[in-house]
Amino acid sequence: MNKKFYITTPIYYVNARPHIGHAYTTIACDAIARRQRMLGADTYFLTGTDEHGQKIERAAQAAGKTPQQFTDEVSAQFRALWARMGITNDDFIRTTEERHIKRMQELFRRIRDNGHIYKGTYTGQYCVFDELYVDAVGPGAPCPECGRPTETVKEENYFFRLSAFQDKLLQLYTEQPDFIRPETRRNEVMSFVRSGLRDQSISRSTFSWGIPVPDDPKHVIYVWLDALANYITAIGYGSSHKGAQEAFRKYWPADLHMIGKEIVRFHCVYWPAFLMAAGLPQPKSIMAHGWLLFEESKMSKSRGNIVRTETILDVLGADALRYFLLREVVFGQDGSFSFDALVQRYNADLANGLGNLASRTLTMIARYFRGEVPYPSAAISQKAGDSAIAESARKVIAECSTLFEQYQFSRALEVAWGLVAAVDKYIVDNEPWALGEKQDEESRSRLGTILYTSAEALRIVTALAHPVIPDATSRIWAQLGLGDIRKFPLSELKWGQLQLGTKLGNVEPVFPRADKSAIERMQKMEEQQPGGPTTEAQPDAAPHAMATLPEAKPAPAASAAKPAGTVPDGKISIDDFARVELRVGEVKAAEKVKGADKLLRLEVDLGTEVRQIVAGIAESYAPELLVGRKVVIVANLAPRKLRGLESNGMIVAASPDGGKPVLAGFLEDVPVGTRLK
Ligand code: MSP
């Protein structure tokens, strides 16, 4: 019987549209799933969306929609994007689906019946952004994970006896060393668990957008317990249908939960403890990858520095993005995204690398051998260069398999592309085009050997790279006359399988070269996104630190709405002024913006939220001196992008003629969030 392989992505929050950070995880899982299928495993690949909780409820409110309408829309965007990218997920689960809700409640019941849930009162802090109970910080204190202000919660809750699982968890990590990967994350988790675990609140009662606690519907189940359960509900846990029960028996435990590093604790501490409490087997492995950074910081909606996947698909296609992310970023570590690096890699490795090797080799076979794979000459008359290629191909097959097995995508691709470079050099050294002009037997035989060797190496790289760049490799495979690459049994890949006389398919280029305008086109497409109007072209022209207030013009909408002549020329009415929401904020973090001498990126606490603001005050203020300082913010300014960073508000400063800006401030202390009027 075939081995099974069950792989999952995190289910994505629907408070934001998908960006390439989400695509990164999904692409890595898709590459693993495709490879497992080629290896013959009965593979099941799950992804989906996480749709309950206070954060989503508030995002829906802010969008003026009901939570259901809102989650329907955003979840559909994720689903459509994965379909457009050719992601081969076998299922897509939404936590608002009936099947999940019922089965999730079943899991809750089981943990409760096993005696691991009790009722108590939680008084403490909660971070809505991370949907995280925050212990050991006082009212108003920032969340230790994201720095946003926490909210004080006092509610009657259901608690999970997490403290009872401390020793069992440590035993699990020791007995199953691959349970948490990479090693650094494993060490972090172990020291966190060793430091002591407190019982965990697992219900909320002050809002209703969630799954009701069975038999006590005033409470909704804590969104992380709800979300983690998707990994078992999707494959049939808790269902009374026979088929679903069989699927659960077949696929659980998961072979791999792939996650980003920020959600390690939920997956490596809470999830295994919930499973233990329910008496269910543990997943085999949890792999945490690093963050995709854009202009030095984590790509995320709240920072406003996201890059949409669609832009890259429109200009370069899905294979280019897949190859770039898996080749450029060392899996497990953080890595930067930039359009320049993307296009550079695309041209170097895909257009000039694999694409060029394919079109050169196949075109010559078409021209000199009427499109049929030629005979290599007998081993005895082969040259050292020919067998060197065969030898290095054998090594590449072995090394690549090991590296893919360890999820070292970047190294695996580097090794495979080493073969591309070796064959390129082999072709240049042997000048098959010169031999092609000659008709004598020896030249024909030499030419046959060179082209067979090149085509066979091309076939091997194509098979190895298929999980990463499925579209282009399918086409090269068909051009080699080999049919459907997905049916090729990868574990049997070895040198010499290319059959002599194989008739090539239609030869056409797979990776057209991208010119410089590709970068500009992608940048423009991103800048023109709603909510992210650009000022990137002139980043220092109008940063969000403004000069003396009186220079501010009334908003056009206000002046248009006002009957002419109500106030004298050049003056504004008190109503106009009231439209400007000035508030006291406190700088929580400040740093220089790379490549912009005048700009600082600030995180400013407004009492109700922490805002990112980009301000042109770097020449006057060292970032470290600003932290803790109270400033005046124009809080209702439309967001704008500066150097790819979203600025949500403006800091008020005086700008003396020819001098440096000076921040407005207060002599007496004023509470954060206070309005100026
Ligand atoms: N809903 C939770 C997960 C519940 S799983 C039971 C969640 N959602 S999320 O949408 O905020 O992020 C989920 C995942 O998206 C991250 O763990 C990571 O895999 C991926 N990424 C989102 N932004 C990313 C980057 N900038 N870089 C790399 N991965 C990113 O947390």
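In this predicted model, the crossing of helices α15 and α17 is left-handed. The two helices, which span residues 409–430 and 441–465, pack at an angle of about 165° with their axes 10 Å apart, and because angles over 145 degrees count as roughly antiparallel, α15 is described as roughly antiparallel to α17. On the α15 side the contact is formed by A416, W417, L419, V420, V423, Y426, I427 and N430, which meet R446, T449, I450, T453, S454, A457, I460, V461 and A465 of α17. By class, this contact holds 12 nonpolar, 4 polar and 1 charged residues.

Helix α17 also packs against helix α14 (residues 384–405), the axes coming within 10 Å and crossing at roughly 5°, so that α14 and α17 are roughly parallel to each other. Here D386, I389, A393, V396, I397, C400 and F404 of α14 contact R446, T449, T453, A457, I460 and L464 of α17.

The residue classes of the two contacts are set out below.

Turning to the nonpolar cores, the largest has 192 residues, of which L107, Y173, W252, F337 and W417 touch the most other members. Helix α13 (residues 339–368) gives the most to this core, with 14 residues. Leaving aside neighbours within four places in sequence, F337 is in contact with I20, L292, L293, F294, M299, V307, I312, F324 and L342. A second, separate core of 18 residues includes L602, A618, V631 and A635.

Notes:
Residues numbered from 1 in each chain as written. Predicted model: local features only at pLDDT ≥ 70, side-chain atom pairs only at ≥ 80, totals over all residues. Heavy atoms only, no water. Axes fitted to C-alpha atoms, helices over the stretch in contact; angles between N-to-C directions. Helix = DSSP H or I, 4+ residues; strand = E, 2+ residues; numbered from the N terminus. Parallel < 35°, antiparallel > 145°, perpendicular 65-115°, else oblique. Left-handed = near helix turned anticlockwise from the far one by under 90°. Contact = heavy atoms within 4.5 Å. Nonpolar A, V, L, I, M, F, W, Y, C, P; charged D, E, K, R; others polar. Core = buried A, V, L, I, M, F, W, Y, C linked by side-chain atoms within 4.5 Å. Buried < 20%, exposed > 50% of the residue type's maximum accessible area, 1.4 Å probe, protein only.
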